[in-house]
Structure formats: structure tokens, C-alpha cells
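Work through the exercises below with the sequence and the model side by side. Try each task before reading its solution.

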Amino acid sequence: MDDKGRRGARHAYTGKSIIIEPTSGNTGIALAGMAKILGYAVEIVIPEEASEETKQIIRNLGAQVYETSDDLCPKVGVGTDQSIALATSIASSRPHIYYSPNQYANEANFMGHYKGTGPEIWAQTAGKVTHLFTGVGTGGAITGIGTYLKERNPDVKIIGCQPQQDHLIQGWRNFEESAKPDLFLKREEVVDDWVHVDNEEAFSRVGEILANDRLLVSPSSATVYACMDKYNVLEGACVVGIFADDGRKFRSVYSDLGVMSNDEFDSALEGAMHVSVPDYE
Ligand SMILES: Cc1ncc(COP(=O)(O)O)c(C=O)c1O
């Protein structure tokens, strides 16, 4: 949104400018929150399989939510007819009203990580980082962070985490069942290696991370942890993993999958050291 504004093309808010975006959740929450502050209307197109809590947060922030029978991460490419196609079709039919950032192709997504997350990791590790692990939804994080770190030190290894096909990891895509987004394709050579993790391996780590580190993490963060844990690195390596999300939005998912009961979730939430309570809940 900021990028569009800088380029002088942002619609003046006249009561009829609407932001529309396909998302598996987090971008929808961010856009809805920013739009609320800036005074835009927002419509979010999201797979129905995204957690109920995710959809409710977006609604609570005032956005209109459309649900599609998509994979957990909206599919991209030819022949996909769900979240992305619906958002594109609504937006293109009334271009004077709708603006879609299109995170799957928007260079500002890459730049946010290239200028923000990458330098943050470099500074926090005092340049010692040797390996970076993250999942891929749009590819913005892995290409943006990866490009920056390799510019600083070409030996840094960028490792992509791949969930199984038909996975339950909100925000991620498996490249055997979903095409690669344009943003990822532009710089996919930045990835040195891939690690595969199935649903069971991923969800089994949620309780372990809670017990060991008092962190209540999301399925995606637990998957990154599982990938890091099974990847061989030499002694002295400085390994960074992106935990892009905490566990708050996954109470119902954890309960349905038997990861933890609602009571266990509530006490985990109480004891978790990283969780603050935002005012939209
Ligand atoms: C919840 C979540 N969403 C999305 C992503 C992927 O980010 P990107 O869309 O930049 O590829 C991750 C990466 O770990 C994630 O954990």
C-alpha cells in the first residue's frame, strides 16, 4: 500500500476505494489492520480451510471476508480458479474502485524482506549467520532475506522448508501440488537446499517447543523447527529459522488434531512468554 502511494497512484479515499487481496491469513490481517488506520475498505479472499480464528480476526478488523474452497495457501498459476482468481476477477471488473497489492507478484514484498528482515538478521547475529530456514508462501521472505544475506556473505546457505502434499501448514505451499509464484520464480536460485517435513513431524513439535522454550508456536513455526532439527550442520554454525507466526490463531486446529486440548491451550497461552493480547480479539 505504501509502495503504491509512493508511486503517486494511491486512490484518494473517497469512500469507494477498496483493497482486495487473496491470502492464507497473515497478509489479510496486516492489510485489514493498516486499512482500518488509513480509512480504506478491505475485502479479503481466503481459503475456507484457514483457521476460524484467522478469519474472525480479519472480520473483527472490519474487512469483508470471502471464503473459497482452495488449498491452505491460495494456488497460483494457470488452471487455478479459487482465491486468486476470485480476487482478480472482482478487482478487474471494477478497476476504478479496487486495488489489489497482489503479494504473489509484488516487488514490495521482496523489498520488505531485503531491506528489513535480512538486515535485521545480519545485525542480530553480528554477521555470523551461516544458515537460514524458512517456508514459502509467496516467496518474498526466502528470496528477500536470502538475496540480502548472500550479498553480505555468499557462503550463507538458504534452506527452504517444504511441507507434504495436502498439508496443514497455513501460509505455506508445496511445489508438487502448487505452481511457484512469480515473486519466487524471479530469484529462486537463491535457495541452496530443501528439507521436507510431513504433517505429523511438524505438529509433534508444537508441544516440545512449548515445554522446552515456553513458546506457543504456529504450525508453520513448528515445521521450521522440525526442518532445522533434521538438517546436518557443522559445529559452530549459526542457524536462523523464521517463526513467522505464533500459536494464538490455532486453538481450534490444535484441538481438532489432538495436538492439545482447549484447556491445555489456554494454560499454554497464559504461560507463554512471547504472547501479548492485542485489542482486536
Ligand atoms: C505463517 C507463514 N506465512 C507465510 C510464510 C511464507 O512467507 P512468504 O509469503 O514470504 O513466502 C511463512 C514462512 O515461514 C509463514 O510461516
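**Exercise 1.** Of the 16 residues around the ligand, which come nearest?

Solution. This is a predicted model, in which local features need pLDDT of at least 70 and side-chain atom pairs count only at pLDDT 80 or more, while totals for chains, interfaces and linings use all residues. Residues are numbered from 1 along each chain as its sequence is written.

Step 1. Gly137, Ala141, Gly171, Ser220 and Ala244 come nearest to the ligand; a residue is near a molecule if its C-beta atom, placed from the backbone, lies within 6 Å of it.

Step 2. Two or more residues of the shell come from each of strand 5 (131-135) and helix 6 (140-152). Helices (H or I, at least four residues) and strands (E, at least two) are DSSP runs, numbered from the N terminus.

Step 3. Helix 6 gives the largest share, three residues.

Step 4. Sorted by class, the shell holds five nonpolar, 10 polar and one charged residues. Here Ala, Val, Leu, Ile, Met, Phe, Trp, Tyr, Cys and Pro count as nonpolar, Asp, Glu, Lys and Arg as charged, and the others, Gly among them, as polar.

**Exercise 2.** Describe how helix 5 meets helix 6.

Solution. Two packed helices are described by the angle between their axes and the distance between the axes.

Step 1. The axes of helix 5 (residues 107-124) and helix 6 come within 7 Å and cross at roughly 50 degrees. Axes are lines fitted to C-alpha atoms, for helices over the stretch in contact, and angles run from 0 to 180 degrees between N-to-C directions.

Step 2. Helix 5 is therefore oblique to helix 6; angles under 35 degrees count as roughly parallel, over 145 as roughly antiparallel, 65 to 115 as roughly perpendicular and the rest as oblique.

Step 3. Residues of helix 5 including Phe110, Tyr114 and Trp122 take part, and helix 6 contributes Ala141, Ile145 and Leu149, among others. Contact requires C-beta atoms, placed from the backbone, within 7 Å.

Step 4. The classes in this contact are 10 nonpolar, nine polar and one charged residues.

**Exercise 3.** Is helix 8 roughly parallel or roughly perpendicular to helix 9?

Solution. Step 1. The axes of helix 8 (residues 199-213) and helix 9 (residues 219-230) come within 8 Å, crossing at roughly 95 degrees.

Step 2. Helix 8 is therefore roughly perpendicular to helix 9.

Step 3. This contact has eight nonpolar, one polar and two charged residues; Phe203 and Ile209 in helix 8 are among them, as is Tyr225 in helix 9.

Terms used:
Two residues are in contact if their C-beta atoms, placed from the backbone, lie within 7 Å.
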